[in-house]
Amino acid sequence: QVQLVESGGGLVQPGGSLRLSCVASGSIFSINAMGWYRQAPGKQRELVAVISTGGSTNYADSVKGRFTISRDNAKNTVSLQMSSLKPEDTAVYYCYLQRSRSPYDYWGQGTQVTVSS
């Protein structure tokens, strides 16, 4: 089993910044990728950003240029630096981990990000 603990969510004004962090623990073994998903009111859960152990990244078009994902493989952590935040970024953000053995997929409990003036 793998546990994912998220931190950094909260309330921020439009144009502000926020940094989310996620730490993995437990029977991690080897990580293929880590990332962040989000689910806004009335919308489906969507991929925000993902990073492989090798460093390859993918971002949702809506966050490109504003969000940056990073990871520390040695510490089993992933972070999401969010800048120029918009009200449309308001959502519950979930940390995601894919490990190299079954069960493969793990999710954090989610952390609320609210962008409002």
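Leaving aside residues up to four places away in sequence, L4 touches C22, V23, A24, M34, C95, Y96, L97, Y106, W107, G108 and Q109. Contact here means heavy atoms within 4.5 Å. The model is predicted, so local features need pLDDT of at least 70 and side-chain atom pairs pLDDT 80 or more, while totals for chains, interfaces and linings use all residues. Numbering starts from 1 along each chain as its sequence is written, and side-chain values use heavy atoms, without hydrogens and water.

L4 belongs to the largest nonpolar core, which has 30 residues. Such a core is a set of buried Ala, Val, Leu, Ile, Met, Phe, Trp, Tyr and Cys residues joined through side-chain atoms within 4.5 Å. L4, M34, W36, L80, M82 and Y93 touch the most other members. Elements giving two or more residues to this core include β1 (2–7), β3 (18–26), β4 (31–39) and β9 (91–99). Strands are DSSP runs (E, at least two residues), numbered from the N terminus.

M34 lies in strand β4. M34 is buried, with a relative accessible area of 4%. Buried means under 20% relative accessible area (1.4 Å probe, protein chains only). The C-alpha atoms of M34 and L4 are separated by 10 Å, at 30 residues apart along the chain. Contacts of M34, not counting residues up to four places away in sequence, include L4, C22, V50, I69 and C95.

One disulfide is counted, defined as a pair of cysteine sulfur atoms within 2.5 Å. This disulfide joins C22 to C95, with S to S 2.1 Å. C22 is in strand β3 and C95 in strand β9, so the pair ties together parts 73 residues apart in sequence. The link is left-handed, with -90° about the S-S bond. Both C22 and C95 are buried.

Methods: Buried < 20%, exposed > 50% of the residue type's maximum accessible area, 1.4 Å probe, protein only. Helix = DSSP H or I, 4+ residues; strand = E, 2+ residues; numbered from the N terminus.
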